[in-house]
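Trainee: I have not seen this structure before. Could we go through it by question and answer?

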Amino acid sequence: MQRVYVICEFRFSDFGVQTQKTIIRDAEALASNANNGAANSGNVRDQMTKLNDAYAGILAEFATLDFLNQIIPNSATRPAVNNTANQIDLLWNYLGHSLTLEVRSSFVNKGLRFGLFNVERRTQKTYFDVLGPYYQQSYKTQYEPPKDAYVRVLFEGRKYDVKNRFITKDEPFYLIGFMDGQKLINMNYHKPLTKNSTFTKHGSLTGDYYVAPINLISDIDKVLSNIKSNAANPFL
């Protein structure tokens, strides 16, 4: 039986003018300074690919930031990046605790419903996952420290012309939900990073991701309910 998701749709036009300027500024800066190693392929990235990756990542972060700050005003921030190897995307002040969040964005070629509901016959798990900590030979030789939660944002279609589609043309994208970091690790599901893997980083390097099927994520409705009830862990 398929689960029901409550998700949050975002568009660039939903953000205030100052936030829009910050999104563009930070995405352009990230693309200019980004490593040439591909984030999701075994190839060296050209400038357009880096621009697509940067805009997708920054939009996903600001959508999550906006969601959390609408629920609890001024509770979430984007910390300065001092160490890209163990970067924290967002910090969230919840019930006096500073929680770390990692925001993962992906493009679903076959559409949102495929990403949320379709199951791989061999594994009987959803094709799309919540991506957790990873390691990679010669880059991160040990798993990165787990965050308190991992966030999933999905865009529809192929990853191309992202600035034009999602900034100029204002196409929608979707905040799906959150998953507790320790819960994700305890499931002990893995997805390997190999030379031909869609998750390969920095050329032919290999490694491994902790993952969880996306249908096990705490969707927007679940997280809102937990926050309303002052649950100690809003991501469970």
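Trainee: In which helix does Asn 226 lie, and is Asn 226 buried or exposed?
Mentor: This is a predicted model, and in it Asn 226 belongs to helix 6, residues 220-228. Its relative accessibility is 9%.

Trainee: How are the buried residues of helix 6 arranged, seen down its axis?
Mentor: The buried residues in helix 6 are Ile 220, Val 223, Asn 226 and Ile 227. Seen down the helix axis, they fall within an arc of 130 degrees, so they line one face of the helix.

Trainee: Which elements do the buried residues of helix 6 pack against?
Mentor: Helix 2 is among them. The rest are strands: strand 1 (8-10), strand 3, strand 9 (173-180) and strand 12 (218-219).

Trainee: Why does the end-to-end distance of helix 2 agree with its number of residues?
Mentor: Helix 2 covers residues 47-71, which is 25 residues. At 1.5 Å a residue the helix should span 36 Å. Its end C-alpha atoms are 36 Å apart, so the two agree at 36 Å.

Trainee: Which residue caps the N-terminal end of helix 2?
Mentor: A side-chain oxygen of the capping residue lies 3.3 Å from the backbone nitrogen of Met 48. That residue is Asp 46.

Trainee: In which sense do strand 3 and strand 4 pair?
Mentor: The two strands form a hairpin with 2 residues between them, and Leu 95 in the turn has a positive phi of about 50 degrees. Leu 90 stands opposite Leu 101 in strand 4. Over 5 bridges, the sense is antiparallel.

Trainee: In which sense does strand 4 pair with strand 8?
Mentor: Ser 105 has Val 153 in strand 8 as its bridge partner. Strand 8 covers residues 149-156, and over 8 bridges the sense is parallel.

Trainee: How many residues of strand 4 are buried?
Mentor: Strand 4 runs over residues 97-108 and has 12 residues. It is largely enclosed by the rest of the structure, because the number buried is 9.

Trainee: Where does pLDDT stay under 50?
Mentor: The mean pLDDT of the chain is 88, and 84% of its residues reach 70 or more. Residues 196-205 are one stretch below 50. Another stretch, with 20 contacts beyond four places in sequence, is residues 38-43.

Conventions:
Residues are numbered from 1 along each chain as its sequence is written. This is a predicted model: local features need pLDDT of at least 70, side-chain atom pairs count only at pLDDT 80 or more; totals for chains, interfaces and linings use all residues. Side-chain values use heavy atoms; hydrogens and water are left out. Helices (H or I, at least four residues) and strands (E, at least two) are DSSP runs, numbered from the N terminus. The expected span of a helix is 1.5 Å times one less than its number of residues. A polar contact is a pair of N or O atoms within 3.5 Å; within protein, one must be able to donate a hydrogen and the other to accept it, and residues adjacent in sequence count only if both atoms are side-chain atoms. Buried means under 20% relative accessible area, exposed over 50%, partly exposed in between (1.4 Å probe, protein chains only). Two strands pair if DSSP finds at least two bridges between them. pLDDT is the predictor's confidence in each residue, from 0 to 100. Contact means heavy atoms within 4.5 Å. The arc is that of the directions from the helix axis to the C-beta atoms.
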